[in-house]
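Me: I am new to this structure and would like to go through it step by step. Could we begin with the charged side chains?

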Amino acid sequence: MSENSRPSGFPEYGPHQVNPEWPPPPASAPPAPEPEPGSTGPAHKRSRGPAKLLVAVAIVAAAVGGTTAYGVQELTGGSSTGVTASPAAGTDVVPASLKGTVAGVAKSVSPSIVEIRAASSSGSATGSGVIVTEDGEVVTNNHVVAGASQIQVRTHDGKSYSARVVGTDSSKDLALIKLEDASGLKAATLGDSDGVQVGDQVVAIGSPEGLTGTVTSGIVSALDRDVTVSTDENQGQQQWQRGGGWPFEFGGQEFNGDTGGSTTTYKAIQTDASLNPGNSGGALIDMNGNIIGINSAMYAPSGAESSTAGSVGLGFAIPVNTVKADLPDLRAGAGS
């Protein structure tokens, strides 16, 4: 899998509310003047009243549209039953001036991606995560935090937080952690993976080899790839101790070690965006800035150790619709 193994222990890091002004209601139209003899003016003047009203309605509708996404974020963000803290799927997160560019996606989404360092009795590992609420809920892979006795998270602005596991789902390789005493974070926008097509341009953001906020880009190479991962925590911890990544199977072959007898299979998005150890739990993003997947595995050539293997353009991500469907159970403490 794409997390970076490290020696035991790790160093400590150093110590929105939009309220748009609503436009005033249109003033009552003054009585129409008396027509002059032989003039067709009154009919022409009456046609201007509805036109002005339509303009006013359009302005109000624009104001409503501008606040809808914020309302969704606030109403669902802290709810135990809400799907995501972010605006509705399909929102353009990237500014118009940077739309369709990797730079625009990176600038808009990087503040919502974190680096995760998880320590256990076997050592430590580095992965990534996606902020889903402004008070510090973060989605990541289960294998990033499995068996961890201590979790530290570093945000895009360099701040460090301790974190605890809220819920896990080993069958989907997902976990939800919560940063302690966090507020005002930038929640990511969870998109709609059902709308993803082969050939779509995508961006990946994570912390490969501990290089926080690394951005790569590529395309969606395939959909519905069967990726099999280990659900045996001890199996994964043993692989960590040997310096490898979390084991997985694809196409009848095992990578990053033996997956053991306890496994689960999920449908993954395949991408050629470069993924390396440490990208696990990070984001796969469309060109509008919506999260479409959680990066979870990378293919390494046979015999290559995951700690030294680089990307060969075969990465896999858990579709974001799977994440959204699982969030209520994760928030309720499933598996923890």
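Me: What do the side chains of Asp-92 and Lys-99 form?
Reply: In this predicted model, Asp-92 and Lys-99 meet through their side chains in a salt bridge, at 3.2 Å from N to O.

Me: Are those two buried, partly exposed or exposed?
Reply: Asp-92 is partly exposed, with 42% relative accessibility. Lys-99 is also partly exposed, at 47%.

Me: How many salt bridges does the structure hold?
Reply: There are eight salt bridges. One of them joins the side chains of Glu-115 and Arg-117, at 2.9 Å from N to O.

Me: And is Glu-115 buried or exposed?
Reply: Glu-115 is buried, because its relative accessibility is 0% and the cut-off for buried is under 20%. Arg-117 counts as buried too, at 10%.

Me: Which salt bridge does Lys-172 form?
Reply: Lys-172 pairs with Asp-326, and their closest N and O atoms are 4.0 Å apart. This pair links distant parts of the chain, 154 residues apart: Lys-172 lies in the loop between strands S6 and S7, and Asp-326 lies in helix H6.

Me: How accessible are Lys-172 and Asp-326?
Reply: Lys-172 is partly exposed at 29%, whereas Asp-326 is buried at 3%.

Me: Changing topic: which residues touch the most other members of the largest nonpolar core?
Reply: Val-139 and Ile-291 do, in a core of 30 residues. Helix H6, residues 320–331, gives the most to this core, with four residues.

Me: What is Val-139 in contact with, leaving aside neighbours within four places in sequence?
Reply: Its contacts include Val-130, Leu-174, Ile-294, Val-323 and Leu-327. Apart from this core lies another, of 15 residues, among them Ile-116, Val-144, Ala-163 and Leu-185.

Me: Now the strands. Why is S9 described as largely enclosed by the rest of the structure?
Reply: Strand S9 covers residues 201–206, and five of its six residues are buried, so the rest of the structure largely encloses it.

Me: Which strands is S9 joined to by bridges?
Reply: Six bridges join S9 to S10, residues 214–230, and the two run antiparallel. Within this pairing, Val-202 stands opposite Gly-218. Three bridges join S9 to S14, residues 283–285, also antiparallel. There, Ala-204 has Leu-284 as its bridge partner.

Me: Finally, how many helices and strands does the protein have?
Reply: It has six helices and 16 strands. Of its 336 residues, 47% count as buried.

Methods: Residues numbered from 1 in each chain as written. Predicted model: local features only at pLDDT ≥ 70, side-chain atom pairs only at ≥ 80, totals over all residues. Heavy atoms only, no water. Buried < 20%, exposed > 50% of the residue type's maximum accessible area, 1.4 Å probe, protein only. Pairing = 2+ DSSP bridges. Core = buried A, V, L, I, M, F, W, Y, C linked by side-chain atoms within 4.5 Å. Contact = heavy atoms within 4.5 Å.
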